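Here are a few friendly notes to read alongside the model. Take them one at a time, with the structure open beside you.

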Amino acid sequence: MNQLYRQHVLAACVLFLLFGATFFFASSLPFSDSRKSHFNEQDVASAGLTAREHRLHKAGSIGSKDNPFAREQHEIDRLKDPATGRIPANMRELELAYSKRMPTIEAVERSTNPYAKLATFEWSARGPFNVGGRTRALAMHVTNESLFLAGGVSGGMWRSANGGSSWTKVTRADQLHSVTTVAQDKRAGKQNTWYYGTGEIIGNSANKTGAPYLGSGVFKSIDNGITWNQLPATQVPIKANGISSVWQFVHRVATNPANLAQDEVFAATVSGIQRSTNGGESWFPVLGSDDLTNYSTNPYYTDITIGNTGVMYAGLSQTGGGGNSSTKGIFRSVNGVNWANITPAGFPATYGRIVMDIAPSNENIVYFLVYTTTNLNNRGNLWKYQYVSGDGTGSGGIWTDLSTNLPMLGGTSGNLDLQTGYNMVVKVRPDNPNFVILGGTNLYKSTNGFSSTSTTRKIGGYTINNNSYALYPNHHPDNHEVVFYRSNPSVMLSAHDGGVSRTADNTESVVEWESLNRGYRTTQFYTVAIDLNTTDDFVVGGMQDNGSWAVGNINEQTGWVEQLGGDGAFAAVTTHSVFVSTQNGTLYRYAYNDAGQRTGYARIDPPKTTGYLFVNPYTIDPNNEYRMYLPAGDTLWRNNNLAQIPVSNTGNQSTLGWEVAANLATNEAITAVSVSKSPANVVYFGTRTGKLYKFQDGTVPAPMRLDVTGSNFPAGAYINCIAIDPRDANKAVVVFTNYRVQSLFYTVDGGASWSPVSGNLEENGNVNGNGPSTRWVSILPGADGSTKYFVGTSTGLYATSALNGTATTWLRDGHSTIGEVPVDMVISRTTDNLVLVGTHGNGVYSRRYNGPLLSKEEVNAAKLGLGQNYPNPFRYGAVTTVPFTLEKPANVKLVVYDLTGKAVATLTNGKRLAGQHQVQWNGRSASGQELPSGTYLYQLTIDGQHSTKRMVYTR
């Protein structure tokens, strides 16, 4: 690599560290892997950067084509009821309803812990600040181009009032976080009113006919998207009979800007088009049906668009891809009640989802993008319609089939791919009916309305040169929505599986994008990892369709750095390594020297190995950073010295050090593996059929496998996690993810016996109840001999201080911050009591548990510059000094409280200059009264931000 290139890369890294920007300098290298991945190597010169900063350099990127259906099947395997093979009907609504009745740790702590009167009980958001998740809903205020609303399918609704410079989550923690579509009432005097719909029918976790994670109607805001409430008429009754309401899947909401007399809003739902003329208070079907008695014959996919003049078009699929629906095709209406079927004679014989857009500059022109199984490679059909007269049928409309001009740019990733309708968008530029944007996995544009291929250009998704699955810079594959600026239609927003992007000029031959994921925390984490043997704040995690990213400090607004592309899977961090992986077991090690400088990378999964899970686990021995246990189907691989695999900076795989530690029956795919801390070398591993095995010493050649499957384990259930107590390998918790099974089991004798400890996580103690799916458990021992247990579930995070068999009481933790978003992983470490939570929808949270005060304010103390008083304890007749540091002039207040929360003394209150400060306290109240011996809290407030520490006063 030449010196000039080194200098450019170094400059980019320094700029990232200063400003949180992400820079991409990539060169594609071939792989023998059939997934046609690519690897981007970045060589960073050493310039006195810290070890942590070195580790944050963009280490590489593997790109691979997203497969939402493989992800879906992975979720189904984990969550299905083993007795039926299906996820229980309406399970999402049922488990959320039960979760709301569970006790919270905040309420319990405040009733029993005097310290908690000053505690916030909030978890700190860790980001990713600069990475967004799957976004189907995106809209811009009709008269205020600085106001955006965007929605994640499991991350809730978000609002930006400054053009995407920052975002605020406006879905409450206790509300449904599924957002699929959003629309504003654009009429003058009504523009504070917005609607959003819920329920993603394709691509969401656990999605399968009859058993997906469902939505629950339409939400409405009357204060410009700041607060939202569910429309009662669309609320889905909680039943146990599958798809029971059209409001479980809302594909589109649309308002009629031309109806000045009524608050007319439409919802394109599963089965049909629903209409309201009173702002959503009541609804009735106008096309298709609201009757799901014959759900299998009704259209799964519907859509609607309404022009400024009030003319509207709707598309209804056949059933999920075939069959006969009584109402299907393309329709036109001028009043929303009477609809004319204008489907052209040459329309494909079988078709699924239809999306459409009216040309704003000529509303007689409409484009329709159609998914059809009759075309190869998920290409679909593209049609242009021009209204002429009458109701638009027959000679009243002119149809042009543009399907032969769909983007087929060749290469690895150049062709249009609709993924059976998962990602589809068509939009027309407001000032030019021939400037058309088309989206599938990639985003394309045409300046001649796709009347030929001569002006077609790829402008987003995968790499512009089509030779790999690398990402288009600052953009992302799987496109769902496009929004043009009205003041300048060359400026455009794009919503995709990586959040939100903006281009300043969509007319350029090579369109450049900027990411607007500045605090838009909608990422869906599968895994998170930290170094368990340090107090380093370095975090790495794997996300759905967003790869693996890392960050080096606890500041929420620090930008994360991509480590690996594809679907991010398991990760690990040790002193000399960062391990990251992508879907189906592709695994890399980035190697570091003692100074934290990266020395190279290597692909380390054993060659020609098969059977990997979509999100495949592995674990590093906590006592040996180079020993790994890696499941692959029915085989458990072991490598005792990963350091011997050359870090050759290629994608070549190596057999060095790999050996088979265990071979199981072919139907026993290994789904979890864990290694003990003390005593060392005890290995537990479990399977998707509920079998659990153990090595008493996993390091010896051909270790003896012990079957420690509990006689009371649920038959055929999926073991997702095995949490070993770091103090005692005989103590462990096994986690089953399935619904309708006993989900947690605990042993104190190395697996000889097991006690169910899911307690109140099973509704009324009954496994047939509506308790959540448990995903991960972490055990955090306290210095005083106490233990804290955390469990991540499909309805958020829970914790307990005691495992007491079926009487175990789990408390909701972080219900006002993490809320009821699924938590796929929670990990903790004893070095600094850090607990890290990876959510599947709102990114990562963390918190340090420092004794009985479970408060974010103590975590903030160092960040806000508050030091520990000295001496501490201090005695009667002496004084103690409280130090604090200000980075800039600020309004400062320092108050001492007793344990009841009563303020007993104010030590300073007013403006202070930047720099170091000290104040003293003599143990007296504000009136000069001598106070009793005991523990006191002192709280520093700087410009409205609080931090709290303790001091002890003795007489």
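The points below go from the whole protein to one residue and then to confidence.

1. Please keep in mind that this is a predicted model, where local features need pLDDT of at least 70, side-chain atom pairs count only at pLDDT 80 or more, and totals for chains, interfaces and linings use all residues. Residues are numbered from 1 along each chain as its sequence is written, and side-chain values use heavy atoms, with hydrogens and water left out.

2. The protein has 63 strands and 6 helices (DSSP runs numbered from the N terminus: E of at least two residues for strands, H or I of at least four for helices). Of its 955 residues, 63% count as buried, meaning under 20% relative accessible area with a 1.4 Å probe, protein chains only.

3. Now find His177, in the loop between β5 (168-169) and β6 (181-184). Is His177 buried or exposed? His177 is buried, because its relative accessible area is 7%.

4. Beyond four places in sequence, the residues in contact with His177 include Gly152, Thr171, Val821 and Asn842 (contact means heavy atoms within 4.5 Å). The side chains of His177 and Lys169 make a polar contact at 2.7 Å, that is, a pair of N or O atoms within 3.5 Å, one able to donate a hydrogen and the other to accept it.

5. The average pLDDT, the predictor's confidence in each residue from 0 to 100, is 86 for the protein. Over residues 205-211 pLDDT stays under 50, and residues 851-859 also stay under 50. Where pLDDT is low, the predicted coordinates should not be read in detail.

Methods: Buried means under 20% relative accessible area, exposed over 50%, partly exposed in between (1.4 Å probe, protein chains only).
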